[in-house]
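User: I am new to this structure. Please show it, and then we can go through some questions.
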Amino acid sequence: KMETYGFAKDERLAEKWYHTAIDSGSLDAMFTYAWLLETKDNATDADKELANNYYKRAVALNYLPAFKQLADNYYVGCGVEENDVEAERVYRKFIDIYDQAKAEGVSKLWYPTGQGSCSTLDLADKSWREVIAKVCENLAWLYRYSKVVEHDKLEADRLEAIAKVVKPGEEWTQKGNDYYWGNNGVKQNYEEAVKWYLKAAEEGHLDAQDQLGECYRLGRGVE
């Protein structure tokens, strides 16, 4: 067996202790175990269904990290039947919580982790900004294109605007695009484009990384 941090790796014991923590009311353990169930290499349909059952329990208790996982699975039909209505319901609940926090000027959201304990979601944190942006993008898509969710163009526009603001590197990528293509009244300047793409790429923005690769491939704005 592989040694890790002084202990032999043992999935059976890991599962035992996850279940012990879950039975004791730990929502952190419930979420972690659910995520491990659905993402392991040999995950079965039963594993994914069980993971979603745990996500549902966590969402019912307002455990914020579980909202996107459950909604995403409804969105694509992973471990549950694809269901735009349920995806919209869960995404919507998360965004309503986000909207309320922004309206109240709150930068951190408290959520329960079990046994009377709480944790915080930092709205300025890069990883959470990515989550919020993706939730906004998916919910906007449902409001524009779903065959079963009532369309709402104004809300879709608003959500897409939020995604652009909160997504790490999005604003810098847009600046890079303006310089690269000479859009929005900006004179085309490959060197300036690369500067902004680099800033966005370092934040993990995929489009910026892709465009930066293109700049190097074509020798535009780079030495």
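Here are questions and answers on helix packing and nonpolar cores.

Analyst: This is a predicted model, where local features need pLDDT of at least 70, side-chain atom pairs count only at pLDDT 80 or more, and totals for chains, interfaces and linings use all residues. Residues are numbered from 1 along each chain as its sequence is written, and side-chain values use heavy atoms, with hydrogens and water left out.

User: Are helices α5 and α6 parallel or oblique to each other?

Analyst: Helices are DSSP runs of H or I with at least four residues, numbered from the N terminus. The axes of α5 (residues 84-103) and α6 (residues 126-145) come within 10 Å and cross at roughly 135 degrees. Axes are lines fitted to C-alpha atoms over the stretch in contact, and angles run from 0 to 180 degrees between N-to-C directions. Angles under 35 degrees count as roughly parallel, over 145 as roughly antiparallel, 65 to 115 as roughly perpendicular and the rest as oblique, so α5 is oblique to α6.

User: Which residues have the most contacts inside the largest nonpolar core?

Analyst: Such a core is a set of buried (under 20% relative accessible area, 1.4 Å probe, protein chains only) Ala, Val, Leu, Ile, Met, Phe, Trp, Tyr and Cys residues joined through side-chain atoms within 4.5 Å. The largest has 49 residues. Those with the most contacts inside it are Tyr91, Phe94 and Leu121.

User: Which element gives the most to this core?

Analyst: Elements giving two or more residues include α5, β3 (108-114) and α6. With 10 residues, the most comes from α6.

Technical notes: Buried means under 20% relative accessible area, exposed over 50%, partly exposed in between (1.4 Å probe, protein chains only).
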